[in-house]
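Hi everyone, thanks for making time this morning. Let me put the structure up on the screen, and then we can walk through it together.

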Amino acid sequence: MTILAPQEKPLSAPSLAEDYALLKQAVHDAGELALTYFRQQILINRKADGSEVSEADLAVDRALKLDLTTPRRDYGWLSEETPDDTERLKHSRVWMVDPIDGTNAFLRHLPEWTVSAALVEDGVPVMGVVFNPATQEFFHAMRGHGAFLNDKPIKASDLATLDGAMLIASGGLFKKKIWKEPWPEVRSRWVNSVAYRLALVAAGKADATISLSNKCEWDIAAAAVIVAEAGGVITDHHGNPHLYNRESPRLPSLVASGARLHPLLIERTSRIDL
């Protein structure tokens, strides 16, 4: 029998509960940091794709990376504001972060931006936090443990008809000629942050959200857990589940709603060729 000296004992992996506590604290602190830049004069640049990035985005990215990867050095990292390192593909657990989701709203002083971060394990988001510091809405969930807004349980809508449904999407989407048949009377509103849209659906503050444009894994991963744990469903426009920690982090589309409404949405969106 071999007896290991104390310093030679193998270290056990952190529990998901420990990761959850770490994630919630890191996102809360990052959100408070972001709030110090909100509605201030700050430096803004443009990325290669033409989108805006501010000193706030980069500062929050650095803070989250420090807080999450320092105690978890064997986890991968994927963030909108960090050059992608495909080394993450070798890791079972990967942090996925959007430091400020809704930069456009943030820079225009609208309270529709969030700090969004998730932990993905073996390609599946297992916990996520979406924090809107401007409104102090803190959404969080861990797989199998329910979804919460400011520590109170939340539940997605149980609406089972499109008539009168509140959908978060661009105003003209339902009047476009792409649809095979006209939509019934639905209400719509626009929210800049993708993660915030999804969190609002999870909380039952909207019945669904639809986007027929590309998203990235960091846009959706955190809120995907929250939607699922609130009893909702999130897929692409064909009804297929999103896959995470792939070589390309691009996702084709997004449809999220309460479980009863989702098939009615997919019946329409699946006929669209993107």
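Let's start inside: the largest cavity holds about 40 Å³ of space. Bear in mind as we go that this is a predicted model. With a threshold of 30 Å³ or more, the count comes to one cavity. Which residues line the largest cavity? They are Trp179, Lys180, Glu181, Trp183, Glu267, Arg268 and Arg271. By class, that lining splits into two nonpolar residues, no polar ones and five charged ones.

Let's stay with those tryptophans for a moment. Searching the whole structure gives eight aromatic pairs. Tryptophan 179 and tryptophan 183 make an edge-to-face pair, because their ring centres are 5.2 Å apart and their planes meet at 80°, with over 60 degrees being what edge-to-face requires. Are these two residues buried or exposed? Both tryptophan 179 and tryptophan 183 are buried. There is a charge here as well: arginine 268 places its charged end over the ring of tryptophan 183, 5.0 Å from the ring centre. Arg268 and Trp183 are both in the cavity lining too.

Elsewhere, lysine 24 lies over the face of tyrosine 20, and the distance to the ring centre is 4.3 Å. And if you like aromatic clusters, Phe38, Phe106 and Trp113 form one.

Now for the pocket. The largest pocket has a volume of about 810 Å³, and 35 residues line it. Which of them lie nearest its centre? Those are Asp49, Ser51, Glu80, Asp101 and Asp219. Several elements give two or more residues to this lining: β4, α3 (103-107), α4 (194-202), β12 (208-211), β13 (215-216) and α5 (217-229). The largest share, three residues, comes from β4. In terms of class, you are looking at 10 nonpolar, 12 polar and 13 charged residues around the largest pocket.

Seven strands make an open sheet with mixed pairing, in the order β3-β4-β5-β6-β7-β8-β9. Which strands stand at the edges? They are β3 and β9 (152-153); each has a single partner strand, so one side of each is left without a neighbour in the sheet.

Strand β3 (residues 76-79) runs parallel to strand β4 (residues 93-101), and four bridges join the two.

One last stop, at proline 14, which sits in the segment before α1 (16-37). Why does proline 14 count as buried? Its relative accessible area is 19%, and the cut-off for buried is under 20%, so it qualifies. Proline 14 also lies 9.7 Å from proline 71, C-alpha to C-alpha, although 57 residues separate them in sequence.

How values were computed
Residues are numbered from 1 along each chain as its sequence is written. This is a predicted model: local features need pLDDT of at least 70, side-chain atom pairs count only at pLDDT 80 or more; totals for chains, interfaces and linings use all residues. Side-chain values use heavy atoms; hydrogens and water are left out. Two strands pair if DSSP finds at least two bridges between them. On a 1 Å grid over the protein atoms alone, a cavity is a set of points where a 1.4 Å probe fits but cannot get out, and a pocket is an open set with protein on both sides within 12 Å along at least five of seven lines; lining residues have an atom within 4 Å of a point. Grid points are joined across faces, edges and corners, and a volume is the space filled by probe spheres set on the points. Ala, Val, Leu, Ile, Met, Phe, Trp, Tyr, Cys and Pro count as nonpolar, Asp, Glu, Lys and Arg as charged, and the others, Gly among them, as polar. Rings of Phe, Tyr and Trp (its six-membered ring) pair if their centres lie within 6.5 Å; planes under 30 degrees apart count as stacked, over 60 as edge-to-face and the rest as tilted. Buried means under 20% relative accessible area, exposed over 50%, partly exposed in between (1.4 Å probe, protein chains only). A charge sits over a ring if NZ of Lys or CZ of Arg is within 6 Å of the ring centre and within 35 degrees of the ring normal.
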